[in-house]
Amino acid sequence: MDKLRIQGGQQLEGRIQISGAKNSALPAMAAALLTSDELILENVPYVNDIYTTRRLLRELGAQIELATDHSVRLRIPKIESIEAPYDLVKTMRASVLVLGPLLARTGRARVSMPGGCAIGARPINLHLKGFEKLGAQVRTEHGYVEASCERLTGADITFDKITVTGTENLMMAAVLAEGRTVLENAAREPEVVDLANLLMKMGAKIEGAGRSTIVIEGVRELKGTTHRIIGDRIEAGTLLVAGAITGGELELTGIHPAHLMSVVEKLRENGVALDVGAELISVYGPHDLAPSDVETLEFPGFPTDMQAQYMVLATQSNGISLIHENIFENRFMHASELMRMGANVRLDGSRAIVAGKTKLTGATVIASDLRASASLVLAGLVADGYSLVDRVYHLDRGYEKLEDKLRSVGAKIERLK
Ligand code: EPU
């Protein structure tokens, strides 16, 4: 298993091109199931979750080519299988995103139930309730969700709770349904908007993506198109923290600053100077960081996917920071690893109280999920001496060559095979 070895204490300086957003590319690839035409997606990040999606879509009948320039050609002339098997879903929960498109295109889908993961129980009940509203019969048997329908019919669906992939799954189902669907309390994340933009280019009729109410007028069929995936706001946010805590100067390109204003504003409260351009953000790490409280929320609030990274910044801020995790019930696994490096963190239910500034010292630490592993890499960048981050496969699921990007701006980081 690969590990990352980091020698802390380097100031980072330079420019980094942000990759395409994993959480946008995953539903976009699933959307290829909605047409027999070719779909070309540009700016796809080559991370392990994308390779898992390629395997899954191939099992369903897709022809897929990944070019070296990060453009992906997908064509699914005929659906060969309607099943997302357990061994794929267990490695990537986002596999459930094939449910909506499969149902819409073939009237049938069989998808393994994802089960819990390191950050929480993560049920998919709201996806399933939505499919039922669209007229599907949904059963759960032998660990699989089995759904079937004639043509789906439009309906008014109010989500009990805001769900990102739930909104995406229902949107992909509704675009081919008969009549009008109204999604209320929908997720407003940039990735939802990106998917809606792609679907509209394919011929779907969607209004309101990016707002809480999305209205979809079903059409008979969709066609192929070319679409460029948005930049990854979480990769960008992670690197902003890297610049901030190392007292560095980084320029990040290929990102819409509007997608991460909550992070930019929070960092400004910490005393970090940031310049925001049309498709770039520059960060200037200050000598002293001020503490600040943060609460994770749905977009446009502070993202839960940045909470672990923000905790590292809190350990380097002078004073007490309160971090409140509202989205997932078990997303503080990184805290105990950070404490092993010297962080002063107290957990109290969904809150973490972080007292800074503490000197971190290099240690061997274990990543528990994607964003937790990013936080441990960040901690390694400021720790005294060497850190060894184990179970890097979590990082590889969602960050494209993070160590190469960090090395290019002066970090001392290497991968041990
Ligand atoms: N929820 C339910 N029932 C459902 C669906 C969700 O109770 O049917 C709950 C969840 O348990 C959670 C909350 O609603 O407490 C929000 O979950 P959501 O459905 O929005 O999460 P998701 O769609 O499974 C996506 C991202 C996550 C990101 C969350 C929140 C993708 C592929 N994944 O997950 O990304 O944390 O939204 O923004 O888009 C990551 O990239 O590291 C990652 C975990």
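Helix α5 covers residues 125-133, and its buried residues are L126, H127, L128, G130 and F131. Buried here means under 20% relative accessible area, exposed means over 50%, and partly exposed lies in between, with a 1.4 Å probe and protein chains only. Helices (H or I, at least four residues) and strands (E, at least two) are DSSP runs numbered from the N terminus. The buried residues of α5 are covered by elements that include the helices α4 (99-106) and α6 (164-174) and the strands β8 (137-141), β9 (144-148) and β10 (156-158); contact is taken as heavy atoms within 4.5 Å. After α5 comes G135, with a positive phi near 100 degrees.

The model is predicted: local features need pLDDT of at least 70, side-chain atom pairs count only at pLDDT 80 or more, and totals for chains, interfaces and linings use all residues. Residues are numbered from 1 along each chain as its sequence is written, and side-chain values use heavy atoms, with hydrogens and water left out.

In helix α11 (residues 333-340), the buried residues are H334, A335, E337 and L338. They pack against α10 (307-315), β20 (344-348), β22 (364-366) and α12 (370-382). G342 follows α11 and has a positive phi near 115 degrees.

## Cavities

Rolling a probe the size of a water molecule over the atoms shows where empty space is left. A cavity is a set of points, on a 1 Å grid over the protein atoms alone, where a 1.4 Å probe fits but cannot get out; its lining residues have an atom within 4 Å of a point. Grid points are joined across faces, edges and corners, and the volume is the space filled by probe spheres set on the points. The count is four cavities of 30 Å³ or more, and the largest cavity holds about 50 Å³.

The lining of the largest cavity consists of R233, I234, H259, L260, S262, V263, F299, G301, P303 and M306. Helices α8 (233-245) and α9 (261-269) each supply at least two of the lining residues. By class, the lining has six nonpolar, three polar and one charged residues. In this scheme Ala, Val, Leu, Ile, Met, Phe, Trp, Tyr, Cys and Pro are nonpolar, Asp, Glu, Lys and Arg are charged, and the others, Gly among them, are polar.

V263, one of the lining residues of the largest cavity, lies in helix α9. V263 counts as buried because its relative accessible area is 2%. Not counting residues up to four places away in sequence, V263 touches G237, F302, P303 and M306. The C-alpha atoms of V263 and H324 are separated by 15 Å, with the two residues 61 apart along the chain.

T225 belongs to strand β14 (residues 225-228), and its relative accessibility of 17% is why T225 counts as buried. Leaving aside neighbours within four places in sequence, T225 is in contact with E38, L39, I40, L198, K201 and M202.

## Aromatic rings

The structure holds two aromatic pairs. Y46 and Y51 form a tilted pair, 6.4 Å centre to centre with 40 degrees between the planes. F302 and Y310 form an edge-to-face pair, at 5.6 Å and 75 degrees. Rings of Phe, Tyr and Trp (its six-membered ring) pair if their centres lie within 6.5 Å; planes under 30 degrees apart count as stacked, over 60 as edge-to-face and the rest as tilted.

Y46 is buried at 16% relative accessible area, whereas Y51 is partly exposed at 29%. Both F302 and Y310 are buried.

## Backbone geometry

Most residues other than glycine have a negative phi, and most peptide bonds are trans. A cis peptide bond joins F299 and P300, with omega about 10 degrees; P300 is located in the loop between β18 (294-295) and α10. Another cis peptide bond joins G356 and K357, with omega about 0 degrees, and K357 is in the loop between β21 (351-356) and β22.

R122, which is not a glycine, has a positive phi of about 50 degrees. R122 is found in the loop between β7 (108-112) and α5 and is partly exposed at 29% relative accessible area. N185, also a residue other than glycine, has a positive phi near 60 degrees. N185 lies in the loop between β11 (180-184) and α7 (190-201), and its relative accessibility of 28% makes N185 partly exposed.

Note on methods: On a 1 Å grid over the protein atoms alone, a cavity is a set of points where a 1.4 Å probe fits but cannot get out, and a pocket is an open set with protein on both sides within 12 Å along at least five of seven lines; lining residues have an atom within 4 Å of a point.
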